Amino acid sequence: MAFEETSDLVARACRADRDAWEALYRRAYPRLLAYAMHRLDADGARDAVSETMARAVANIGRYRPVPGTGGFDGWLFGICRHVVLDAQRAAGRGGYCPPPEAVNHSDPVEGLVSAEEAEAVRKAFALLPDDDRELLELRVVAGLSAEQTAAVLGRRPGAVRMAQSRALTRLRRFLAEVEGVSA
């Protein structure tokens with residue numbers, strides 16, 4: 001969706017336009033859910049997305065579009081990130097643990113590679129430091145731009161691109177180790 005369309009929807013949402021909120025929700029839901037599913041189980045992820053949207057509705061008056069800060073999507077994913085972290089703390093989860101639902105056929109990786117390759121990627125992904133996993137979840141899974149990811153993580157876009165490159169290099173190395181091939 002073009003920036004103008006998004007800004008129009010956000011302006012309408014600020015005026016409590018239900019149709020605008022529905023359009024924003026439908027557009028963001030799949031990516032928010034994909035991000036949350038990498039951090040929580042299926043029920044927790046759906047709850048996190050619902051809570052994210054509830055907080056967005058309650059706080060839309062605080063949203064201020066600032067060029068280069070990720071726009072509305074960056075703001076929304078920032079909320080989602082905090083909701084997910086709160087849910088993880090409440091559950092007493094430490095570190096990354098792929099949810100069991102990540103193994104089912106709805107995982108995007110499953111459609112691209114064989115089950116064995118997907119399992120190897122999941123194992124390699126689990127070896128990454130938390131910061132790398134989160135950055136790749138935002139950039140690759142949620143499909144956020146470097147600018148949007150930077151807004152969510154409180155970094156500069158150039159730093160996000162560099163960190164993504166390094167995270168992907170580490171992921172490739174871990175994948176080679178998991179598959180038993182020397183990097």
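A salt bridge is counted where a side-chain nitrogen of Lys or Arg lies within 4 Å of a carboxyl oxygen of Asp or Glu. By this criterion, a search of the whole structure returns 15 salt bridges. The structure is a predicted model, in which local features need pLDDT of at least 70 and side-chain atom pairs count only at pLDDT 80 or more, while totals for chains, interfaces and linings use all residues. Residues are numbered from 1 along each chain as its sequence is written, and side-chain values use heavy atoms, with hydrogens and water left out.

Helices are DSSP runs (H or I, at least four residues) numbered from the N terminus. Accessibility is classed by relative accessible area: buried is under 20%, exposed is over 50%, and partly exposed is in between (1.4 Å probe, protein chains only).

Two of the salt bridges lie within single helices. In helix H2 (residues 18–37), Glu-22 and Arg-26 are 4 residues apart, which separates them by about one helical turn. Their side chains form a salt bridge with an N to O distance of 2.9 Å. Glu-22 is partly exposed, at 38% relative accessible area, whereas Arg-26 is exposed, at 60%. In helix H5 (residues 115–127), Glu-119 and Arg-122 are 3 residues apart, again about one helical turn. The closest N and O atoms of this salt bridge are 3.5 Å apart. Here the arginine, Arg-122, is buried at 11% relative accessibility, and Glu-119 is partly exposed at 29%. An α-helix has 3.6 residues a turn, so residues three or four places apart point the same way.

A further salt bridge joins Asp-132 to Arg-170, with an N to O distance of 2.5 Å. Asp-132 belongs to helix H6 and Arg-170 to helix H8, so this pair ties together parts that are 38 residues apart in sequence. Asp-132 is buried, with a relative accessible area of 8%, and Arg-170 is partly exposed, at 26%. Elsewhere, salt bridges with shared partners join Glu-51, Arg-55, Asp-86 and Arg-89 into one network.

Two packed helices are described by the angle between their axes and the distance between the axes. Axes are lines fitted to C-alpha atoms, for helices over the stretch in contact, and angles run from 0 to 180 degrees between N-to-C directions. The axes of H6 (residues 130–141) and H8 (residues 157–178) come within 10 Å and cross at roughly 110°. H6 is therefore roughly perpendicular to H8 (65 to 115 degrees). With contact taken as heavy atoms within 4.5 Å, Asp-132, Leu-135, Leu-136, Arg-139 and Val-140 of H6 meet residues of H8 that include Val-160, Ala-163, Leu-168 and Arg-170. By class, this contact has 8 nonpolar, 1 polar and 3 charged residues (Ala, Val, Leu, Ile, Met, Phe, Trp, Tyr, Cys and Pro count as nonpolar, Asp, Glu, Lys and Arg as charged, and the others, Gly among them, as polar).

Thr-149 lies in helix H7 (residues 146–153) and is buried, with a relative accessible area of 0%. Residues up to four places away in sequence aside, Thr-149 touches Leu-138, Arg-139, Leu-144 and Val-160.

Helix H4 (residues 71–91) has 21 residues, and its end C-alpha atoms are 31 Å apart, in agreement with the 30 Å that it should span at 1.5 Å a residue (1.5 Å times one less than the number of residues). Buried residues of H4 include Phe-72, Asp-73, Phe-77, Arg-81 and Gln-88. Just after H4, Gly-92 takes a positive phi of about 70°.

Methods:
Angles under 35 degrees count as roughly parallel, over 145 as roughly antiparallel, 65 to 115 as roughly perpendicular and the rest as oblique.
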